[in-house]
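Try each one before you read its solution.

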Amino acid sequence: MSTRTLEWIIERLLFLCAALSVLTTAGIIAVLAFETYEFLHEVPVLEFLTGTEWTPLFANQRFGVLPLVVGTMLVSSIAMVVALPMGLLAAIYLSEYAPSGFRRIIKPVLEILAGVPTVVYGYFALTFVTPLLQQFLPSLSGFNALSPGLVMGLMILPLVSSLSEDAMRAVPRGLREGSYALGATRMQTALKVVVPAAFSGITAAFILAVSRAIGETMIVAIAAGQQPRLTANPFVPIETMTAYIVQVSLGDTPQGTIEYRTIFAVGMLLFLMTFGLNLVSTWLRQRFREEYA
Amino acid sequence: MSKQMDLLFQLASLLTLVVALAALGALVFDILSDGASRLSWAFLNNIASRNADQAGVYHALMGTIWVITLTGALALPIGVAAAIYLEEYGTRSRAAHFIELNIANLAAVPSIIYGLLGLGLFVRLMGMGQSVMAGAATLALLALPVVILSTREALRTVPSSIREGSYALGATKWQTIWNQVLPMALPGVLTGLILALSRAIGETAPLITIGALTYIPFAPDSVWSKFTVLPIQIFNWVSRPQVEFKTNAAAAILVLLVLLLSMNAIAIFVRDRYQRQGRV
């Protein structure tokens, strides 16, 4: 074999490995779509998307996914109330105020916070945060949306702060100096010049954080309960989409039954929600990169 | 006045960091105080048991080591090959751009979705069953985007003069990559691999979804064995109402964290050596 052919073969092989990522996406869509299609044969799509009762594992089966979606939204909103403002403030501090020595120490520590396995956060939420909160809120149940929401916010904070900080540090120095020259303080410069200039990058970080919260599984599976209910009350047990998939996976649900297919239908919904958010986030980040390229 | 506002704002921003670190401190303290007294050789050498005080993590620890090793063996060659293609070959092609966009999006797909893919594709369609192989293949897909991204960064640090020198001596493109570029990028590649694996080692949801059983009283002896891993054992113990099992969960978390820390320490060591060697 000539060197030329060999080089050609190698290039094709490398391309195949790179293309595997596209196949992975295609595989995800195919697997989810196939089972979801079968599921929607038995349950009308309207009943699935707008029904308010979710009881596939009971004798009286109802397939309204809204309680799971609302449960997911509830926990994610609580997480965002923690992660977005705190992450942004932390990013402003790291990008605009912190001495470089302090930054070099604090950033790896934040990375540790992001690297802790989520099952560990679940343990923390269930055995530490919930009992702690119950001392102030006696009506809080042992399983609830509040405690996993708060812990999830803590878990996502490093993602928000590090991506927002990257966006703010990419803002050219000249903009800051112009602001100082006009007599603005550091706070005014940070809030009125740097944050608006980094807006699309920060928004991209926020959207990615929301997508992360929606897909987070173990914290809610451990600490939020397994009771799908349509409520905005953060003190009572609920169930999220991800926790439902875990619940079914733990039991022996035979393949081909409608119960088995529900996890793919719920998974499809979860995938579409997060994939949509990720696309918007990628698009915003690319636009941001072009602004200051 | 505005100066005081500025100071106040600075303090408030700093406070968010302090709160985050305090929470991390509380987490570590909580787990240490719950689980440290439960750690012993017996805990590492015993298998799961219905009696909390006789239960151990041997089977789960072995399962984790099997799965993670195989995950690395699958993700490393494919990830490096994909990164080489994107960085050295297809830099300007439209297909490469599409693949890049795809990888960025895949990196943000929730891990439980990978579990559903693994269940539908590896466990059912390919008939791997709930084996170490199916688990590792699922985790490898999950780890690939991270391996690809870090390998690309490592390849980018190799100066182009190295490649030009090699071409000038008559080497082909692949010879240049294999003999010059890859060896120089290797420490960076390995650091990225270890970091990707230290992510994968804590993954619970995808392995639960493919049906890795939670009560397996033996360690795997081949890639086709059924298995359980540390995070699943932790989840199993946490979900039980008895406090003794929660103590076991805390102790198992400590084992998992020690494993994670040592992997990160290796990554830092490799990166550090690399930096001290300097670039040519």
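**Exercise 1.** How many residues of chain A are in contact with chain B, and how many of chain B with chain A?

Before the solution, some ground rules: this is a predicted model, where local features need pLDDT of at least 70, side-chain atom pairs count only at pLDDT 80 or more, and totals for chains, interfaces and linings use all residues. Residues are numbered from 1 along each chain as its sequence is written, while chains are lettered from A and ligands numbered from 1 in the order in which they are written.

*Solution.* Count 68 residues in chain A and 66 in chain B (contact: C-beta atoms, placed from the backbone, within 7 Å). Next, look for the main contributor on chain A's side: helix α1 (residues 3-42) of chain A gives the most, with 20 residues.

**Exercise 2.** Work out how α5(A) (residues 118-136) sits against α1(B) (residues 2-35).

*Solution.* Start with the angle: about 85 degrees, with the axes 10 Å apart (axes are lines fitted to C-alpha atoms, for helices over the stretch in contact, and angles run from 0 to 180 degrees between N-to-C directions). So α5(A) is roughly perpendicular to α1(B) (65 to 115 degrees). Then find the residues: Phe124(A), Thr127(A) and Phe128(A) meet Ala26(B), Leu27(B), Asp30(B) and Asp34(B).

Key
Helices (H or I, at least four residues) and strands (E, at least two) are DSSP runs, numbered from the N terminus. Angles under 35 degrees count as roughly parallel, over 145 as roughly antiparallel, 65 to 115 as roughly perpendicular and the rest as oblique. Two residues are in contact if their C-beta atoms, placed from the backbone, lie within 7 Å.
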